[in-house]
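The entries follow the order in which I looked things up.

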Amino acid sequence: MTARDDASAPDVSTDDPYLWLEDVTGEEALAWVRAHNEPTVEALTSSDRFRELEAATLATLDTDDRIPYARRRGEYLYNFWRDAANPRGLWRRTTLESYVTDAPEWDVIIDVDQLARDEDENWVWAGATVLRPEWERALISLSRGGADASVVREFDIPSRTWVTDGFVLPENKSSVGWIDRDTVFVGTDFGEQPDGIGSLTDSGYPRVVKRWTRGTSLDDAVTVFAGEKSDVSVGAYHDSTPGFERDFVSRSTDFFNSLTYELRDGVPELLDVPTDAHAHVRMNWLLVMTRSEWAVDGTTHAPGTLLAFDYESYRSGNRDAAVLFTPDPHTSLVDYAYTRSHLIIVTLHDVHTRVEVRELGTWREVDMPGLPDLATVSVLDTDADESDEVFWSASSFTDPPSLLHGTSGSAPEVIKRSPAFFDSDSVVAEQFFATSDDGTAVPYFVVRRRDVTTGPTLLYGYGGFENALTPGYVAVAGQSWIERGGIYVIANIRGGGEYGPSWHTQAQKSGRHKVYEDFAAVARALVDAGLTTPAQLGAQGGSNGGLLMGVMLTRYPELFGALVCQVPLIDMKRYHLLLAGASWVAEYGDPDDPEQWEFMKPFSPYQNIDADATYPPILVTTSTRDDRVHPGHARKLVARLEETGHDVRYYENIEGGHGGAADNKQAAFKSALAYEFLWRTLSPES
């Protein structure tokens, strides 16, 4: 058993003096947590400003005026809703006719607060998978305290009852999906398998997927596919598209490479596409988005190209492709979605959204009028089997989100608007470019009050896993930072997906230094432009962005006056041994390989803390219940900083999962804590 399998049993074969802090729920470790939480809470929560920040943020998160985003399932629109009266949330539904009114009539299906009281459990909603086309049965996922691991239970929607002979899975990082009313695909911890290997991967996700029939024991479920222990995960899904019913299994060999098979008479047939490509089969078509160069019938397609093939012809060896999107240096593919008649393609041009619609099969472009300009537009929901209906979201840094509804190829109608939480008319958002160490132009957005030209500035970044940071309404930052006179900046550094796959792949593993060089370049550009000074420049990031903050602390401390480091990776020598860490080796590298550790070590904050260096004040936060990024990272960073005499504050939420908060109240507290720390540090006179 490794630390991946049991977070309370860290590997002791190391000279790390703070290894005991990896014991997530150990008495000694939690005593350390409480001893560090207390002075942080005492120091940062006593001011009127903190109370104002917390109250305003909670009001924003709880307001009944925000958009109740919904997903169509048959004749109803389903929504999950949290507010002050229902902090754990309501799973509810209504009709479209009612939904478009100012006061929809909601039918509550599950009251999670009442369920938690009835069962004396700390339930946090983790989602519902509803069986089509009847939409009467649901597989409900509930986690304890917000962890990734969840309990799965079958629910009957018409009777509002748990199914007595239903599909039930104990707490685990399981995957489960409907095949039909009496059968599911399931991946979970089945224990040791006939091949002598456990049923979980090194990353703690399912290695084996089985077909489970109602009325039988989970132990009797039939194996349909098994991967390798070194894989990230294995999964299966049933395509229920009428007339095109198929079963697929997938094997993720690392975070960015996978093998997809169609099960034909129970035998897996490999889909012959590049392992790093995103491939999807729907009806007659196979769509492939490349992540690296791919030569097809003598034509080499660039990373980020979207190709369409006739699926059955492709299986027979035909490689005739329709090119649906070709990237350029400024434009990348973000997403695509089907309706019954169309394919919607969403792209970014210098991090600004563009949308096009194509007719299925002919791939002819169709006019798509009525979408707002200068906004980030995304497809929220379609029901491709039934109609051309589309729900759209539109937002910008200064415009509150709006919800649009219509059909693909026709102008949509705005049916919901979120309220404004700050004076948008007084705020301006601008885009600029910084020059990184290798000459690359790195975009960043500056959001500020029009009358504020210099002062305390907060720089936010992520830079990993091909996640793009696009313009969107900054409700909390708007009222907690911008409206109070702070300048807010988002850096679109490499490692993200703002310019397609290559913007990410060039910053993987040995190219990781580009992420940090880009962020530092933006920090310098802000000072050079006169927007701020190093003493008034703060930075914030979480998860992979928390690692970014750790690197800024240890390698670029002179650039910042304060850092907020949230649910971070910090000890890159051991990250792959903790919880889901093994799944990220393709992003960062393998520290057990001496050659790879050489390029990783400079960017492992834990190994680079220097007692003689001058570091900016830092606030480190995490969650005990985060079972994705181990809380030991944050704990050990703080312990090492204290040992070496540096200024650090720490707060750990005893629950909350990877997001750091299990409900709106916890989220508001965590947000106010960060902004109060930043105001005190970057603008102490305010």
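**Entry 1: the sheet**

I began with Tyr237, whose bridge partner in S15 is Phe248. The model is a predicted one, in which local features need pLDDT of at least 70 and side-chain atom pairs count only at pLDDT 80 or more, while totals for chains, interfaces and linings use all residues. Residues are numbered from 1 along each chain as its sequence is written, and side-chain values use heavy atoms, with hydrogens and water left out.

I then looked up the pairing around these residues. S14 and strand S15 (residues 246-254) are antiparallel, with seven bridges. For the terms, strands (E, at least two residues) and helices (H or I, at least four) are DSSP runs numbered from the N terminus, and two strands pair if DSSP finds at least two bridges between them.

Next I followed the chain onward. S15 is joined to strand S16 (residues 257-264) by seven bridges, again antiparallel, and the hairpin between S15 and S16 has two residues. Within this pair, Ser252 stands opposite Ser258 in S16.

S16 and S17 are antiparallel over four bridges, and Leu263 stands opposite Pro268 in S17. Two residues lie between the strands in this hairpin as well, and Asp265 takes a positive phi near 55 degrees there.

I noted the whole as an open sheet of four antiparallel strands in the order S14-S15-S16-S17. Its edge strands, each pairing on one side only, are S14 (233-239) and S17 (267-270). On average, neighbouring strands of the sheet are turned by 30 degrees against each other, direction ignored. Axes are lines fitted to C-alpha atoms, for helices over the stretch in contact, and angles run from 0 to 180 degrees between N-to-C directions.

**Entry 2: two helices**

I turned to helix H1 (residues 27-44) and helix H12 (residues 632-643), which pack at an angle of about 65 degrees with their axes 12 Å apart. H1 and H12 are therefore roughly perpendicular to each other (angles of 65 to 115 degrees count as such). I listed the contact (heavy atoms within 4.5 Å): H1 contributes Ala29, Leu30, Trp32, Val33 and His36, and H12 contributes Arg635, Val638, Ala639 and Glu642.

**Entry 3: domains**

Lastly I checked the domain assignment, which is automatic or from a database. The protein chain has domain 1 (38-59 + 427-682) and domain 2 (66-172), and the C-alpha centres of domain 1 and domain 2 lie 33 Å apart.

Terms used. Parallel < 35°, antiparallel > 145°, perpendicular 65-115°, else oblique.
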